[in-house]
Amino acid sequence: MICPFCDKSLLYKERPNRTCSRCKRRFALEPKTNSLRMTDVRVRRLLVKRTDGGRLKISVNQLGAAALPRTSPGKNKSPVVEALGCLWVPLLVGIVVLIAGLNSAEAGGFAIFGGILVLIFIVGMSAAFMSGRKERTTDPLSGFRSLMRNDWADVYGSLPPGVVDDFPYRAVHVPKGARIALLCPDRAIAAFLVANRIPKRYGVAVTTEIERLPEGMPVVVLHDASAPGCRLVMRTRAELPGRTVIDAGLPPRAVMSTPGAPARRGDKPARELIQWLGESGTLTKAELDWLAKGWTVSLVAIRPARLLAAVTKTVERVAATTHTDPERREAEAIGFLTWPGEAGR
């Protein structure tokens, strides 16, 4: 790896206890001991890309999402399927040899050998099943968060510059003069929006829970492409009758067939949830099938600059339809806050 301080290439034996043997300075991340093989240098490179050269602030999860290997719904196979593709030959041979051995008094060795092959198949498939189960239920970003909040902060004293921690649990951010409420259950994305001044610039109150939405405002719901995400919009409308609720989330159709989309496969949602989503009439059969397999695209995997632009466009449209105070309407009539060439020309 490259030392983040002196730029020297170091072998593993030349960096004991995460310390460069050349400049004697301690670095944060040892690629040999973390599953993502992260280094300080790689984190800084990802940071430049994700923050758009330092223009944006991002969350820990948004930075970590850039380090995860990409998968594709069209190509990715479960460990069970991959194991079956490798082990079907030993199973077939094992069954044939085992039957031949059992049918011959003089071929006991064949029966033993066949039994061993069948046993290999059973053990291999069991291991693949357990691996797939662990892979789907484990948060892929938990390890990265631990690296940043522990190893990185231990060496550098804080998170990397431009990186913010999650939105406070059960909190609501209400700027002065708020006119729009934004619901986003992802605390990392809520923190990202607040850090980049969306609430202050557009009068947006931000929270992660329906119960904490301010009253009397139109609601923008920002969610990921997942079964729970799609349910959130309908749940919000059901719990807030009479309120304007705008779906600003990521629809499955926008990502499920997109090459290179950062899709991940988790636990399959309950059959009742998929059935309920189908009855709502808001999703196509292809989208429902995609969701039923456990596929999801998280908001943290979307490039921050692109996500911020999409949210900005949405809240601008919603703000344009809300009632404003008389002084603002008068200012807009004479061209205040408009671009030259439009009302202000």
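Biologist: Which residues do ring pairs link into a cluster?
Modeller: Phe5, Trp152 and Tyr156. Rings of Phe, Tyr and Trp (its six-membered ring) pair if their centres lie within 6.5 Å; planes under 30 degrees apart count as stacked, over 60 as edge-to-face and the rest as tilted. This is a predicted model, where local features need pLDDT of at least 70, side-chain atom pairs count only at pLDDT 80 or more, and totals for chains, interfaces and linings use all residues. Residues are numbered from 1 along each chain as its sequence is written, and side-chain values use heavy atoms, with hydrogens and water left out.

Biologist: How many aromatic pairs does the structure hold?
Modeller: It holds 2. In one of them, the ring centres of Phe5 and Tyr156 are 6.3 Å apart and the planes are at 40 degrees, so this pair is tilted.

Biologist: Where do Phe5 and Tyr156 lie?
Modeller: Phe5 is in the segment before helix H1 (40–50), while Tyr156 is in helix H5 (residues 142–156), so the pair ties together parts 151 residues apart in sequence. Helices (H or I, at least four residues) and strands (E, at least two) are DSSP runs, numbered from the N terminus.

Biologist: And what about Trp152 and Tyr156?
Modeller: Their ring centres are 4.5 Å apart with the planes at 35 degrees, so that pair is tilted. Trp152 and Tyr156 are 4 residues apart in H5, about one helical turn.

Biologist: Is Trp152 buried or exposed?
Modeller: Trp152 is buried, at 3% relative accessibility. Buried means under 20% relative accessible area, exposed over 50%, and partly exposed in between (1.4 Å probe, protein chains only). Phe5 is partly exposed at 23%, and Tyr156 is partly exposed at 26%.

Biologist: Which charged end sits over the ring of Phe5?
Modeller: That of Arg25, 3.9 Å from the ring centre. The rule asks for NZ of Lys or CZ of Arg within 6 Å of the ring centre and within 35 degrees of the ring normal. Lys32 lies over the face of Tyr12, at 6.0 Å from the ring centre.

Biologist: Changing topic. How many disulfides are there?
Modeller: The count is 0, a disulfide being a pair of cysteine sulfur atoms within 2.5 Å. The sulfur of Cys6 has its closest cysteine sulfur in Cys3, 3.6 Å away, which is too far for a bond. Cys6 is partly exposed, with a relative accessible area of 23%.

Biologist: Now the strands. Which way do the side chains of S4 point?
Modeller: In strand S4 (residues 180–183), Ile180 and Leu182 point one way and Ala181 and Leu183 the other way, and all are buried.

Biologist: What does S4 pair with?
Modeller: S4 pairs in the parallel sense with strand S5 (residues 204–207) over 4 bridges. It also pairs in the parallel sense with strand S6 (residues 219–221) over 3 bridges. Two strands pair if DSSP finds at least two bridges between them. The bridge partner of Leu182 in S5 is Val206, and Leu183 stands opposite Val221 in S6.

Biologist: Which residues touch the most other members of the largest nonpolar core?
Modeller: Among its 65 residues, they are Met38, Leu63, Met148, Leu182, Leu193, Leu277 and Trp290. A second, separate core of 13 residues includes Ala181, Leu183, Val221 and Val233. A nonpolar core is a set of buried Ala, Val, Leu, Ile, Met, Phe, Trp, Tyr and Cys residues joined through side-chain atoms within 4.5 Å.
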